[in-house]
Amino acid sequence: MHINQQKDNLLPFDGELYSYGRIYTEDQANTLLNSFIQSIAWEHDQVRLFGKTHITTRKVAWYGDLGRSYQYSGSVKQAHAWTPLLSEIKSQVEEICQAKYNACLLNLYHDGNEGMGWHADNEKSIVAHSSIASLSLGCQRRFDLKHTTSGKKISIELENGQLINMQGSIQEHWKHALAKSKKIKELRINLTFRLMI
Ligand SMILES: O=C(O)CCC(=O)C(=O)O
Ligand SMILES: [Fe+2]
């Protein structure tokens, strides 16, 4: 594991966003990607928008401490127990971000036709201002942030093996999205480690 100790806040105001760069080599990241593709209990997500339930083409899975369920996007999700591999990655991410997590949401984007719309991870079930660590595996994708009142925008490219950390008041003042792109034909997996109430 390689850790870039760069700890500059990438946000100009109203919250914190850190990038630790690529914490795994290309080979390590590809190995992780392949084992997660095969071993995670992927399912299509259900998202409630304006009172209607939509089934996403993007796939998701929740893992966490046993016996937990989470309110997310208008429905209740039951967490699977940590796998040994996920548990190991969680410990490494905790060490790097100097934070504790009890849940992980995994997202699988088959290609650039799948993304995630503007949102903030500000649900009541998430401990306010806690760290949300996001690990990217696979194809590089653009991550956008938009300040809710000023409209200021920031974009960062998330590379294979890259770790970022959102914390502090970011979720109150900024929304984020994973941009779609017709040009992208490859798969990406994202893991967000969270601290739930
Ligand atoms: O895939 C990503 O990088 C973003 C995921 C995300 O924002 C989320 O799971 O809440
Ligand atoms: Fe998010």
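This is a predicted model: local features need pLDDT of at least 70, side-chain atom pairs count only at pLDDT 80 or more; totals for chains, interfaces and linings use all residues.

What pLDDT does the protein chain average? I found an average of 92, with 95% of the residues scoring at least 70. (pLDDT is the predictor's confidence in each residue, from 0 to 100.) The model scores ipTM 0.99 and pTM 0.93.

Residues are numbered from 1 along each chain as its sequence is written, and chains are lettered from A and ligands numbered from 1 in the order in which they are written.

**Entry 1: the whole chain.** I got 3 helices and 14 strands for the protein chain. (Helices, H or I with at least four residues, and strands, E with at least two, are DSSP runs numbered from the N terminus.) The radius of gyration is 16 Å, close to the 16 Å that the globule rule gives for 197 residues, so the chain is as compact as a globular protein of that length. (The radius is taken over C-alpha atoms, and the rule is 2.2 Å times the number of residues to the power 0.38.) Along the principal axes, the C-alpha atoms fill a box of roughly 45 × 40 × 40 Å.

**Entry 2: the record.** An unreviewed UniProt entry lists residues 100-197 as "domain: Fe2OG dioxygenase". I noted that such annotations may be inferred rather than shown by experiment. In the model, residues 100-197 are 4% helix and 50% strand, and the end C-alpha atoms lie 12 Å apart.

Entry 3: Which strands pair with β3? I started with β2 (residues 43-49), which pairs with β3 (residues 52-64) in the antiparallel sense over 6 bridges. (Two strands pair if DSSP finds at least two bridges between them.) Here arginine 48 has threonine 53 in β3 as its bridge partner. The hairpin of β2 and β3 has 2 residues between the strands, and phenylalanine 50 takes a positive phi near 50° there. Next I saw β3 pair with β7, antiparallel again, over 6 bridges, with valine 60 facing its bridge partner asparagine 107 in β7. Then comes β6 (residues 80-81), which runs parallel to β3 and is joined to β3 by 2 bridges; tyrosine 63 stands opposite histidine 80 in β6.

**Entry 4: an open sheet.** I traced 4 strands in the order β8-β13-β10-β11, with antiparallel pairing. The edges are β8 (116-119) and β11 (153-158), each pairing on one side only.

**Entry 5: around ligand 1.** Which residues surround ligand 1? I listed Leu105, Asn107, Met116, Asp121, Ser134, Phe143, Leu158, His176, Leu178, Asn190 and Thr192. (A residue is near if its C-beta atom, placed from the backbone, lies within 6 Å.) The elements giving two or more residues to this shell are β7 (103-109), β13 (174-178) and β14 (188-194). By class, I count 5 nonpolar, 5 polar and 1 charged residues.

Key:
Ala, Val, Leu, Ile, Met, Phe, Trp, Tyr, Cys and Pro count as nonpolar, Asp, Glu, Lys and Arg as charged, and the others, Gly among them, as polar.
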